[in-house]
Amino acid sequence: MDLRTASETLSFLRELEEKAAKFYEELAEKFPGNKDDFLLCAKENRKYNKQVQMAYQSVISDAIEGGYAFSLEPDDYFFETDLPEGATLKEAAQKALAVEEKIMNCYSDGADQSDSLLADVPRNFRMILKKRKKRLEKLETLG
Amino acid sequence: MALLDEPIKGVPMAENYIDGEWVESKGEIIDVVNPVTYETIGRVGISTKEEIDSAVKAADDAFDDWRRTPVVTRCRYLFRFRELLEENFEELSRVQTQEHGKCIDESRGETRRGIENVEVACGMPTLMMGDSLEDIASGIDEYLIRQPLGPFGVIGPFNFPFMIPLWSAPYAVATGNTVIVKPSSEVPFSQTKITELVEEAGFPPGVWNMVHGGRTVVGGMLEHPDIQGITFVGSTPVMRDVIYPGCGNTGKRCIAQGGAANILVIMPDCNVNATIPGLMTSFFGNAGQRCLAGQTLVIVGDDNNFYNEFMEKVTETTRNIRVGYGLDESVQMGPVRDVKKKESILNKIEVGLKDGATLRLDGRKPPEIIGGHPDTCFLGPTIMENVSREMSIVREEIFGPTMGVIRVKTLEDAIEICNESPYHNGHAIFTSSGKAARQFQYDVISGNVGINIGIVAPMAFFPFSGMAGSFMGVLHTQGKEAVRFFTESKVCIHRWL
């Protein structure tokens with residue numbers, strides 16, 4: 001069933017961000033040499049959650065009701081976070097890049113879909129996308 | 001999808017709040033029903049004449065001290081109140097959904113809009129500043145100060161149980177007046193929750209009172225000589241026949257906001273994909289129970305291809321609207337508030353069909369209700385075509401999830417239909433032409449005008465305008481106009497010899 005309302009879409013994004021944050025915390029434990037990098041990613045994910053929540057609850061457009069703002073298929077953004085036993089840092093970074101790609105797709109599609117209704121939410125989605133692109137560059141250098 | 005938690009537990013009694021005390025009404029007690037489950041979720045008293053008199057006395061007694069409280073101090077109470085509203089944001093929103101039936105996104109929007117009015121009122125030290133000019137004649141200075149008047153009555157409707165009293169009450173108390181809020185007895189818990197936070201914020205007794213009830217309370221407010229003014233939001237007949245003349249008879253100030261039958265104009269050059277979600281939320285958001293809801297869609301031009309393709313998309317999107325309990329985050333449209341309102345909407349649809357309209361989408365029998373709730377108060381969205389401008393489904397307020405579609409040749413024809421409507425609350429146009437948008441804005445008679453906006457709801461720092469059958473009075477609620485409404489202008493001229 002597709003996600004249509006702002007409420008359910010933001011709940012879904014919160015889940016994605018939290019799942020990814022936990023993944024980064026696990027990576028921090030597994031790869032102490034890059035602990036700070038991964039913990040920073042986890043922290044940022046939770047900050048993005050707050051940022052989006054603030055945009056949703058703080059800015060009124062004609063359709064704060066937001067019941068018709070999205071049409072996202074959750075399966076399109078599903079990602080696995082399991083790493084094989086003894087995975088290298090490079091493999092972990094590849095997995096992280098795959099996770100990031102899914103989350104970024106969700107923000108990108110959501111921004112495009114809600115542009116005409118939710119004003120500040122899509123703007124914040126794009127701000128997060130911009131920041132995440134920098135994260136991709138960092139992840140690509142690992143391993 | 002799992003339901004969000006219901007905040008109203010058990011079957012609580014919504015009590016009055018008078019002079020800083022919670023008191024159960026001695027009047028008739030009625031049930032408050034959740035329109036989704038049709039279960040009783042609480043009870044409320046229909047207060048008596050004596051009870052409203054006692055609230056007015058408390059407000060009047062509190063007035064003198066309150067008006068002498070510096071405005072900066074008065075606003076500190078409001079700042080604290082605002083923080084409490086923010087802390088309780090989610091619970092306040094869910095209360096609205098549980099007692100009214102609107103979707104959680106809609107309730108959160110309502111909560112936010114209410115809080116914004118408190119925020120604007122927190123700026124009262126600046127907002128209520130007067131004017132001054134020295135040397136209006138040699139050695140003579142003149143200035144204007146704004147002073148509060150006394151107790152005000154704030155009468156709220158059922159469709160926005162949280163937000164609408166906040167269009168008035170924060171401005172009234174920030175300017176130094178006292179208030180008595182009367183919520184709709186169908187949905188008393190949103191204001192009850194607000195008033196609990198008023199108490200927690202520490203407002204002195206008598207400054208902010210709440211009395212539940214119906215006609216007796218309204219009549220008591222209108223007749224009472226100590227009430228200085230009334231703000232009312234409700235139906236046009238009550239506004240026109242009860243509130244406005246009632247205020248006139250006793251010399252009260254009055255802001256009276258009534259019904260609407262808004263018209264949304266579609267130009268062939270509109271961005272179709274961006275327009276359709278805006279139409280959905282305008283026509284079917286809050287199940288159409290909103291004085292800024294779209295009721296009639298006027299499509300301009302004689303291009304049959306455009307019309308057919310546009311209506312196909314509108315119909316398909318409408319047909320797929322998810323109906324159910326608003327505490328399910330996936331639900332897009334909740335029920336109407338009660339059975340009588342549902343019957344009234346059905347009757348109006350029937351009249352439209354008898355007048356010659358045809359059903360493109362029949363929502364009289366609701367579609368699948370997510371969660372399997374009883375269909376007692378549920379309707380599906382209805383679209384009617386072959387509608388003409390003289391039909392009652394265009395000219396009379398329906399207040400339900402319906403869309404009547406009219407085709408016209410020119411923008412001028414569309415504006416003419418808007419202007420001959422008995423209501424002028426929130427007409428809108430969807431176009432990519434600046435010229436057409438400007439012409440519409442310039443020529444249309446409407447208190448609030450939308451350009452590519454489906455629900456033309458002004459922000460708290462702008463007045464909630466409205467004209468003709470949708471409004472009676474001079475000044476409006478919200479923003480600077482509310483400040484003027486709740487204050488008297490006193491002009492002083494000084495000469496010192």
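This is a predicted model: local features need pLDDT of at least 70, side-chain atom pairs count only at pLDDT 80 or more; totals for chains, interfaces and linings use all residues.
Start with chain A. Its mean pLDDT is 92. Of its residues, 95% score at least 70. Confidence is highest in helix α1 of chain A, residues 6–30, at 96. It is lowest in helix α2 of chain A, residues 35–58, at a mean of 93.

Now turn to where the chains meet. On chain B, 22 residues are in contact with 20 residues of chain A. Two helices of chain B, α4 (104–121) and α10 (272–284), each supply at least two residues of the side that touches chain A. The most comes from α4(B), which gives seven residues to that side. What is the make-up of the side of chain B that touches chain A? Nine of its residues are nonpolar, seven are polar and six are charged.

Next, look within chain B at strand β19, residues 402–408. This strand is mostly covered, with six of its seven residues buried. Which strands pair with β19(B)? One is strand β14 of chain B, residues 294–300, which runs parallel to β19(B) and pairs with it over five bridges. Here Val298(B) has Ile406(B) in β19(B) as its bridge partner. Another is strand β18 of chain B, residues 382–385. The pairing of β18(B) with β19(B) is also parallel, over three bridges. To find this pairing in the model, look for Ile383(B), which stands opposite Met403(B) in β19(B).

Key: Residues are numbered from 1 along each chain as its sequence is written. Chains are lettered from A and ligands numbered from 1 in the order in which they are written. Two residues are in contact if their C-beta atoms, placed from the backbone, lie within 7 Å. Helices (H or I, at least four residues) and strands (E, at least two) are DSSP runs, numbered from the N terminus. Ala, Val, Leu, Ile, Met, Phe, Trp, Tyr, Cys and Pro count as nonpolar, Asp, Glu, Lys and Arg as charged, and the others, Gly among them, as polar. pLDDT is the predictor's confidence in each residue, from 0 to 100. A residue is buried if 20 or more other C-beta atoms lie within 10 Å of its own, exposed if 12 or fewer, and partly exposed in between; C-beta atoms are placed from the backbone. Two strands pair if DSSP finds at least two bridges between them.
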